[in-house]
Amino acid sequence: FGAGTTDKKWGEADCMEIAKAKVDAAFEIMDKLSIDYFCFHDRDIAPEADTLEETNKRLDIISDYIKEKMGNKKLLWGTANCFNNPRYMHGAGTAPSADVFAFAAAQIKKAIEITVKLGGKGYVFWGGREGYETLLNTDMKLEQDNMARLMRMAVDYARSIGFDGDFYIEPKPKEPTKHQYDFDTATVLGFLRKYGLDKDFKMNIEANHATL
């Protein structure tokens, strides 16, 4: 995350050609390292365009290209990057703007469709911009209700299009404090149980976060 420190254009200039070259490079290194599974953020595999419609067209093109390249490789999980764009400065599922919430829902819907298309085993939520800075300017219960509402809609839609895998939440604690990671994980589990999401969701634990 943040500004690039190396040239990752792979010798290309057009944004979509760069995206395809990235796929080529990814599967080449997976072959060389005998990696069987891969994961993706939607905005990592295809650049965002000026409109959601055009962005989704780009995702269709690149996901088709990935499917051609997969061979015996498998998709472990997909996810939507609902944190990088400035529209998510106040969150996605917990945003105070109905327009931002709706955009996030549409973005997640497309990411789920691609995950199903590529035979993904799971789908991950990471709330990189969710939450609040102070209780003086938020309604915490409403934020949690809305986040749970977004997750329930995602589960219901995914099941309706044939996704039978697991959903995951990736806790993001104040690294590198292991006790904070354990605490955050317990908090997420409490959230899932409160909203009846624990039958569909599991925890996506990044081992490095817990051992740093």
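This is a predicted model: local features need pLDDT of at least 70, side-chain atom pairs count only at pLDDT 80 or more; totals for chains, interfaces and linings use all residues.
**Aromatic pairs.** I searched the whole structure and got eight aromatic pairs. I opened F83 and W126 and found an edge-to-face arrangement, with 4.4 Å centre to centre and 80° between the planes. F83 sits in the loop between strand 2 (74–79) and helix 4 (98–117), and W126 in the loop between strand 3 (122–125) and helix 5 (140–160), so this pair ties together parts that are 43 residues apart in sequence. I checked burial too: both F83 and W126 are buried.

Then I looked at F125 and F201, which pair up tilted, at 5.7 Å centre to centre and 45° between the planes. F125 is in strand 3 and F201 in strand 5 (residues 201–203), 76 residues apart, so I noted this as a link between distant parts of the chain. F125 has 6% relative accessibility, so I logged it as buried. F201 comes out at 4%, so it went down as buried as well. I also noted that F125 and F201 belong to one aromatic cluster with Y123, F163 and F167.

**Charges over rings.** I found R87 over the face of F103, 3.8 Å from the ring centre. The charged end of K20 sits over the ring of Y65, at 5.9 Å from its centre.

**Surface.** I picked out a nonpolar surface patch made of I29, L33 and I35, with about 260 Å² of accessible area together. L33 is in the loop between helix 1 (15–32) and strand 1 (37–41), and I have it as exposed at 55% relative accessible area.

T5 lies in the segment before helix 1; its relative accessibility is 78%, so I counted it as exposed.

How values were computed
Residues are numbered from 1 along each chain as its sequence is written. Side-chain values use heavy atoms; hydrogens and water are left out. Patches are made of residues with over 30% relative accessible area and no salt bridge: like charges are joined within 9 Å, nonpolar side chains (Val, Leu, Ile, Met, Phe, Trp, Tyr) within 5 Å. Accessible areas come from the Shrake-Rupley method with a 1.4 Å probe; for residues, only the protein chains shown count as cover. A salt bridge is a side-chain nitrogen of Lys or Arg within 4 Å of a carboxyl oxygen of Asp or Glu. Helices (H or I, at least four residues) and strands (E, at least two) are DSSP runs, numbered from the N terminus. Buried means under 20% relative accessible area, exposed over 50%, partly exposed in between (1.4 Å probe, protein chains only). Rings of Phe, Tyr and Trp (its six-membered ring) pair if their centres lie within 6.5 Å; planes under 30 degrees apart count as stacked, over 60 as edge-to-face and the rest as tilted. A charge sits over a ring if NZ of Lys or CZ of Arg is within 6 Å of the ring centre and within 35 degrees of the ring normal.
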